[in-house]
Amino acid sequence: MESMRVLHHPILGELDQSGFVEITVDGRKMQAKKGETIAAALLANGIKIHRYTTKKHEPRGIYCGIGQCTDCVMTVNGNPNVRTCITPVEEGMVVETQEGFGKRGAVK
């Protein structure tokens with residue numbers, strides 16, 4: 001089965017088809033297309049949950065896909081509340097599923 005990729009983003013435009021970068025998501029290394037958003041890379045790798053709500057610990061993932069809601073926020077390189085639907089992947093990026101509002105701190 002071919003993985004799903006977002007090839008055209010309504011805000012970021014066309015996906016650069018020039019290669020891959022490696023990112024780490026919750027301790028697991030994976031390949032992402034250079035220039036695609038974090039959310040698109042996660043979806044292509046079968047990951048749909050980006051965070052859990054504070055009060056009820058309910059899972060959330062990509063919803064609007066254009067940076068207007070906050071359902072897709074994750075901790076990226078130690079920074080919580082990064083909107084993954086509009087943030088392009090970068091080589092060596094560390095992405096973590098966020099619990100509630102996230103905790104600010106350096107990635108180890």
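Me: Which residues are linked in a network of salt bridges?

Reply: Arg51, Glu58, Arg60 and Asp71 form such a network. The model is a predicted one, in which local features need pLDDT of at least 70 and side-chain atom pairs count only at pLDDT 80 or more, while totals for chains, interfaces and linings use all residues. Residues are numbered from 1 along each chain as its sequence is written, and side-chain values use heavy atoms, with hydrogens and water left out.

Me: How many salt bridges does the rule give, and what is the rule?

Reply: Side chains of opposite charge can pair when their charged atoms come close. The rule asks for a side-chain nitrogen of Lys or Arg within 4 Å of a carboxyl oxygen of Asp or Glu. By this rule there are 3 salt bridges. Arg51 and Asp71 meet with N to O at 3.1 Å. Arg51 belongs to strand β5 and Asp71 to the loop between β6 and β7, so this pair ties together parts that are 20 residues apart in sequence. Arg60 pairs with Glu58, with the closest N and O atoms 3.4 Å apart. Asp71 and Arg60 also form a salt bridge, at 3.9 Å from N to O. That pair links distant parts of the chain, since Asp71 is in the loop between β6 and β7 and Arg60 is in strand β6, 11 residues away.

Me: What is the order of the strands in the open sheet of 5 strands?

Reply: Two strands pair if DSSP finds at least two bridges between them. The order here is β4-β3-β9-β7-β8, with mixed pairing. β4 (28-33) and β8 (79-83) stand at the edges with a single partner strand each, so one side of each has no neighbour in the sheet. From one strand to the next, the twist averages 40°; such angles run from 0 to 180 degrees between the N-to-C directions of axes fitted to C-alpha atoms.

Me: How do the side chains of β7 point, and which strands does β7 join?

Reply: In a regular strand the side chains alternate between the two faces of the sheet. In β7, Val73 and Thr75 point one way and Met74 and Val76 the other, and all are buried. β7 (residues 73-76) runs antiparallel to β9 (residues 94-96), with 2 bridges between them. Val76 has Val95 of β9 as its bridge partner, and Thr75 has Glu96 of β9. With β8, β7 pairs in the antiparallel sense over 3 bridges, and Val73 has Arg83 of β8 as its bridge partner. The hairpin of β7 and β8 has 2 residues between the strands, and Asn77 takes a positive phi near 50° there.

Me: What is the order of the open sheet of 3 strands?

Reply: The order is β6-β5-β10, again with mixed pairing. β6 (59-60) and β10 (98-99) are the edge strands, each with a single partner, so one side of each is left without a neighbour in the sheet. β5 (residues 51-52) and β6 run antiparallel and are joined by 2 bridges; Tyr52 has Pro59 of β6 as its bridge partner.

Me: Which residues of the largest nonpolar core touch the most other members?

Reply: A nonpolar core is a set of buried Ala, Val, Leu, Ile, Met, Phe, Trp, Tyr and Cys residues joined through side-chain atoms within 4.5 Å. Of its 15 residues here, Ile23, Val25, Ile38, Leu42, Val89 and Val95 touch the most other members. β3 (20-25), β4, α1 (38-44) and β7 each supply at least two residues of this core.

Terms used. Helix = DSSP H or I, 4+ residues; strand = E, 2+ residues; numbered from the N terminus. Buried < 20%, exposed > 50% of the residue type's maximum accessible area, 1.4 Å probe, protein only.
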